[in-house]
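Student: I have just opened this entry and would like a guided tour. Could we go through it step by step?

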Amino acid sequence: MQKPQLLVPVIATSNGTLVHPAYFLLVGIPGLGPTIHFWLAFPLCFMYALATFGNLTIVLIIRVERRLHEPMYLFLAMLSTIDLVLSSITMPKMASLFLMGIQEIEFNICLAQMFLIHALSAMESAVLLAMAFDRFVAICHPLRHASVLTGCTVAKIGLAALTRGFVFFFPLPFILKRLPYCRTHTVTHSFCLHQDIMKLSCTDTRVNVVYGLFIILSVMGVDSLFIGFSYILILRAVLELSPRRVALKAFNTCISHLCAVLVFYVPLIGLSVVHRLGGPTSLLHVIMANTYLLLPPVVNPLVYGAKTKEIRSRVLRMFSQGGK
């Protein structure tokens, strides 16, 4: 079967013709052959099934159980929805790459996937910040919690997270489209990221570098600082509580959120650092990117399902009813 022409002129400019690739080629995991990729597809499919089932279960339980219509659980439902969409735009394409060796991804589809990955990540960061604020108010100002985080306020926070993620990352596809691509068209990941597409251009990419750094610092950077500051205040308030059993019980309500923050931000920071160091994309880049995108949708529902009594009891009740 003949492959489509790789390079097609799409925009005529005064300096000549700007050339975009008809498609990019996804590598998967560099250095691994088709056989290893094939066997890796099975745990990947299992992870996708687990992420879909776990996050969908949490959303449905919170939707059905009226007593869970509280800020903490509403933010958790937002987080699970984001993880559900994020896993659905990355894992199926990865599975087709690993299982059937389908490397091609159309240029515009690649840009759309890239935009959704970055925008959804920004939304997840905003929701994690909102959850940190919820824990701060609940522990440091418990009497004001109900009046500060009303249903209307939670809805506005969710809308703000959605809007910010869209607005900040909407320019990315357009500043990538203005670049000519005359180098290799091989993306050394299993999905499309701004940093990797940008490196394929054969012209000056300073605008992309500066804007990419700006949004990382102003979105994820600011969020992480506020989350850290919230936990400093939470720890100070917890240490002032007595007896110790009360302090531990109060801090125990933050454990699930702390796990979600670490699972999200540690790979993100690692990925940002290795990309800023420059040089060709290595196996470390790929492992960090895969961890950053694939781990949170799988781990978050497991952590919250295990640590949240209301969700855990509802899931156990569902399974016990199903076994009868």
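Tutor: Let us begin with a definition: the expected span of a helix is 1.5 Å times one less than its number of residues. Please keep in mind that this is a predicted model.

Student: What span should helix H3 have, and how far apart are its end C-alpha atoms?

Tutor: Helix H3 covers residues 107–140, and at 1.5 Å a residue its 34 residues should span 50 Å. The C-alpha atoms at its ends are 49 Å apart, which agrees with that expectation.

Student: Is H3 mostly covered or mostly uncovered?

Tutor: H3 is mostly covered, since 26 of its 34 residues count as buried, meaning under 20% relative accessible area.

Student: What about the chain overall: how many helices and strands are there?

Tutor: The chain has 12 helices and five strands. Of its 324 residues, 45% are buried. The accessible surface is about 16500 Å², and carbon and sulfur atoms account for 71% of that area.

Student: And the contacts, what share joins residues at least 24 apart?

Tutor: Among contacts between residues at least 6 apart in sequence, the share joining residues at least 24 apart is 76%.

Student: Switching topic, how many disulfides does the structure hold?

Tutor: It holds one disulfide. The bond joins Cys-110 to Cys-192, with an S to S distance of 1.9 Å. Cys-110 lies in helix H3, while Cys-192 lies in the loop between strand E5 (186–187) and helix H7 (194–199), so the pair ties together parts that are 82 residues apart in sequence.

Student: Are those two cysteines buried or exposed?

Tutor: Both Cys-110 and Cys-192 are buried.

Student: Why is the disulfide called left-handed?

Tutor: Because the torsion about the S-S bond of Cys-110 and Cys-192 is about -120 degrees.

Student: What is the relative accessible area of Cys-45?

Tutor: Cys-45 has a relative accessible area of 34%, so this residue is partly exposed. Cys-259 also counts as partly exposed, at 31% relative accessibility.

Student: Now the surface. Which residues make the nonpolar patch?

Tutor: Phe-38, Trp-39, Phe-42, Leu-99, Met-100 and Ile-102 make a nonpolar surface patch of about 600 Å².

Student: Which helices supply at least two residues each?

Tutor: Those are helix H1 (34–64) and helix H2 (71–100). H1 gives the largest share, three residues.

Student: Where does Phe-38 lie, and why does Phe-38 count as partly exposed?

Tutor: Phe-38 lies in helix H1. Its relative accessibility is 32%, so Phe-38 counts as partly exposed, a class that runs between 20% and 50%.

How values were computed. Residues are numbered from 1 along each chain as its sequence is written. This is a predicted model: local features need pLDDT of at least 70, side-chain atom pairs count only at pLDDT 80 or more; totals for chains, interfaces and linings use all residues. Side-chain values use heavy atoms; hydrogens and water are left out. Patches are made of residues with over 30% relative accessible area and no salt bridge: like charges are joined within 9 Å, nonpolar side chains (Val, Leu, Ile, Met, Phe, Trp, Tyr) within 5 Å. Accessible areas come from the Shrake-Rupley method with a 1.4 Å probe; for residues, only the protein chains shown count as cover. A salt bridge is a side-chain nitrogen of Lys or Arg within 4 Å of a carboxyl oxygen of Asp or Glu. Helices (H or I, at least four residues) and strands (E, at least two) are DSSP runs, numbered from the N terminus. Buried means under 20% relative accessible area, exposed over 50%, partly exposed in between (1.4 Å probe, protein chains only). Contact means heavy atoms within 4.5 Å. A disulfide is a pair of cysteine sulfur atoms within 2.5 Å.
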